[in-house]
Amino acid sequence: MDHNDDESPLYLFDCSFVEKMALKVGERCENDYWIPACFGKDLFDVLEQQRPDRRWLIIGGERSGSTFHKDPNSTSAWNAVIRGLKYWIMFPTAPSNPPPPGVYVSEDQSEVTSPLSITEWLLGFHAEARKTKGCNEGLCREGEVLHVPSGWWHLVVNLEPSIAITQNFVPRAHLANTLAFMRDKPEQVSGFGNDVKDPYALFVEKLGEKHPDLLREGLVEMERLKAGKKRKWEELVKADGDEGFGFGFGDGDDEDVP
């Protein structure tokens, strides 16, 4: 790992590391690792053993990393660096925002075309990307955790040999995004076992059993998003001063929170 001259060094992902290493994972510090409380409840937990893959141990040498992508099933994610140093560059997704410079997406967003290597993208498009509206970039060091909101484009490159743990989740704030993705793009849904024939129907059924109010709110918000209306906090503000109607998935009004 320390003496690799490949243009695209090996970057390893293991989604079964918890089971292989018999790790204890929970919400308290007596476990081998615990989920940061700030990210709230993961609504995919209602699927129990039928939930899609959600956590990975990631190991890579210097210059390894991932080209631009969005996380699966319109989930959010957190990434905790155990060793090393990572450079991140991210862009929010909105109807008015094109993909990052050098990234080309098919009409149904099922195919993403970009330069063959991170090095090529950095040489050809990095300077332009840093000037592009919405660009967020920074370094994540050992012991630090980075949040990737649902639907955000992101690229990451290891500046040093690195080890990290990452986990995808469905927060209340972006439930509608995941519901819409699973319903409208079933061919792009990933990570479920072969025994799950209709992931969207299963998620709606289990969420309705455990959190019926959240499901109702999520379905309403999903239709609002499909209709192209503005997000919830913009609906609360009207020029005539009327109170208006709205509902919230969280305590804040920031679209980019988990």
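This section describes the fold of a predicted model, from the whole chain down to single residues.

The chain holds 6 helices and 13 strands. Buried residues account for 42% of its 258 residues. Among contacts with a separation of 6 or more, 80% join residues 24 or more positions apart. Mean pLDDT for the chain is 87, and 87% of the residues reach 70 or more. Residues 235-257 stay under 50 in pLDDT. For this stretch the model has 38 contacts beyond four places in sequence. Where pLDDT is low, the predicted coordinates should not be read in detail.

E1 and E4 run antiparallel and share 4 bridges. Here leucine 12 faces isoleucine 59 of E4. On to E13, E4 pairs in the antiparallel sense over 6 bridges. Glycine 60 has serine 162 of E13 as its bridge partner. Strand E13 (residues 162-169) is also joined to strand E6 (residues 76-83), in the antiparallel sense, over 7 bridges. In that pair, serine 76 stands opposite phenylalanine 169 of E13. Burial is marked in E4: 5 of its 6 residues are buried, so the strand is largely enclosed by the rest of the structure.

Another open sheet is built from 4 strands in the order E5-E12-E7-E10, again with antiparallel pairing. Strand E5 (65-69) and strand E10 (136-141) are its edges. Each of these two has a single partner strand, so one of its sides is left without a neighbour in the sheet. From one strand to the next, the twist averages 15°. Strand E7 (residues 85-91) pairs with E10 in the antiparallel sense, over 6 bridges. Tryptophan 88 is set opposite glycine 138 of E10. A helix covers part of this arrangement: H2 (residues 118-130) packs on the sheet. Helix H2 touches E5, E7, E10 and strand E12 (153-158). The direction of H2 makes about 55° with that of E7.

Two packed helices are described by the angle between their axes and the distance between the axes. The axes of H3 and H5 come within 8 Å and cross at roughly 70°. The two helices are therefore roughly perpendicular to each other. On the H3 side, the contact is made by Leu175, Ala176, Asn177, Leu179, Ala180 and Arg183. H5 contributes Leu214, Gly218, Leu219, Glu221, Met222, Glu223, Leu225 and Lys226.

The length of H5 agrees with expectation. At 1.5 Å a residue, its 15 residues should span 21 Å, and its end C-alpha atoms are 21 Å apart. Buried residues in H5 are Leu214, Leu215, Gly218, Glu221, Met222 and Arg224. Just after H5, glycine 228 adopts a positive phi of about 80°.

Positive phi values also occur outside glycine. Alanine 22 sits in the loop between helix H1 (17-21) and strand E2 (25-26). Its relative accessible area is 61%, so alanine 22 is exposed, the cut-off being over 50%. Glutamate 48 has a positive phi near 50°. The loop between strand E3 (33-34) and strand E4 (55-60) carries glutamate 48. With a relative accessibility of 53%, glutamate 48 counts as exposed.

Definitions and conventions. Residues are numbered from 1 along each chain as its sequence is written. This is a predicted model: local features need pLDDT of at least 70, side-chain atom pairs count only at pLDDT 80 or more; totals for chains, interfaces and linings use all residues. Side-chain values use heavy atoms; hydrogens and water are left out. Two strands pair if DSSP finds at least two bridges between them. Axes are lines fitted to C-alpha atoms, for helices over the stretch in contact, and angles run from 0 to 180 degrees between N-to-C directions. Contact means heavy atoms within 4.5 Å. pLDDT is the predictor's confidence in each residue, from 0 to 100. Buried means under 20% relative accessible area, exposed over 50%, partly exposed in between (1.4 Å probe, protein chains only). The expected span of a helix is 1.5 Å times one less than its number of residues. Angles under 35 degrees count as roughly parallel, over 145 as roughly antiparallel, 65 to 115 as roughly perpendicular and the rest as oblique.
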